[in-house]
Amino acid sequence: MFKIKDDIVFTTHKDGSMIILSLLDSENCYHKVTGISQDVFSALNSGKDLSVVKKEILSRYEVEAPTVEKDIETFITYLKANNILEEV
């Protein structure tokens with residue numbers, strides 16, 4: 001199971017995308033998230049399991065299961081590499 005780190009803040013930008021920022025990031029780097037990745041981030045933030053997230057995305061979008069699995073895996077790797085997500 002994964003958890004968004006406590007020092008992460010996020011908001012919705014006026015264009016509908018999500019902006020993610022770490023309060024502990026001395027470089028003031030932010031991440032702009034859109035589409036399915038935004039759905040994944042919101043679901044993880046609310047404590048949902050990845051299997052539930054996958055089912056929700058498959059029901060909401062016209063996309064194949066292997067594509068969703070790969071996209072979620074890639075996004076999770078990105079979040080972990082950027083110290084936004086931790087495994088609990």
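Predicted model: local features only at pLDDT ≥ 70, side-chain atom pairs only at ≥ 80, totals over all residues.

Biologist: Which element gives the most residues to the largest nonpolar core?

Modeller: That core has 19 residues, and Ile-20, Val-40 and Ile-72 are among those with the most contacts inside it. A nonpolar core here is a set of buried (under 20% relative accessible area) Ala, Val, Leu, Ile, Met, Phe, Trp, Tyr and Cys residues joined through side-chain atoms within 4.5 Å. Strands E1 (2-4) and E3 (18-22) and helices H1 (35-45), H2 (50-60) and H3 each give two or more residues; helices (H or I, at least four residues) and strands (E, at least two) are DSSP runs, numbered from the N terminus. With five residues, the top contributor is H3.

Biologist: How are H2 and H3 oriented to each other?

Modeller: Their axes, lines fitted to C-alpha atoms over the stretch in contact with angles from 0 to 180 degrees between N-to-C directions, come within 10 Å and cross at roughly 130°. Angles under 35 degrees count as roughly parallel, over 145 as roughly antiparallel, 65 to 115 as roughly perpendicular and the rest as oblique. So H2 and H3 are oblique.

Biologist: How many charged residues are in the contact of H2 with H3?

Modeller: Contact means heavy atoms within 4.5 Å. Leu-50, Val-53, Lys-54, Ile-57 and Leu-58 in H2 meet Ala-65, Val-68, Glu-69, Ile-72 and Ile-76 in H3. Asp, Glu, Lys and Arg count as charged, Ala, Val, Leu, Ile, Met, Phe, Trp, Tyr, Cys and Pro as nonpolar, and the others, Gly among them, as polar. By class there are eight nonpolar, no polar and, as for charged residues, two.

Biologist: Which residues of H3 make the contact with H1?

Modeller: The axes of H1 and H3 come within 10 Å and cross at roughly 65°. On the H1 side sit Ser-37, Val-40, Phe-41 and Leu-44, and on the H3 side Ile-72, Phe-75, Ile-76 and Leu-79.

Biologist: What is the relative accessible area of Thr-74?

Modeller: Thr-74 belongs to helix H3 (residues 65-81). Partly exposed runs between the buried limit of under 20% and the exposed one of over 50%, with a 1.4 Å probe and protein chains only. Thr-74 is partly exposed because its value is 49%.

Key
Residues numbered from 1 in each chain as written. Heavy atoms only, no water.
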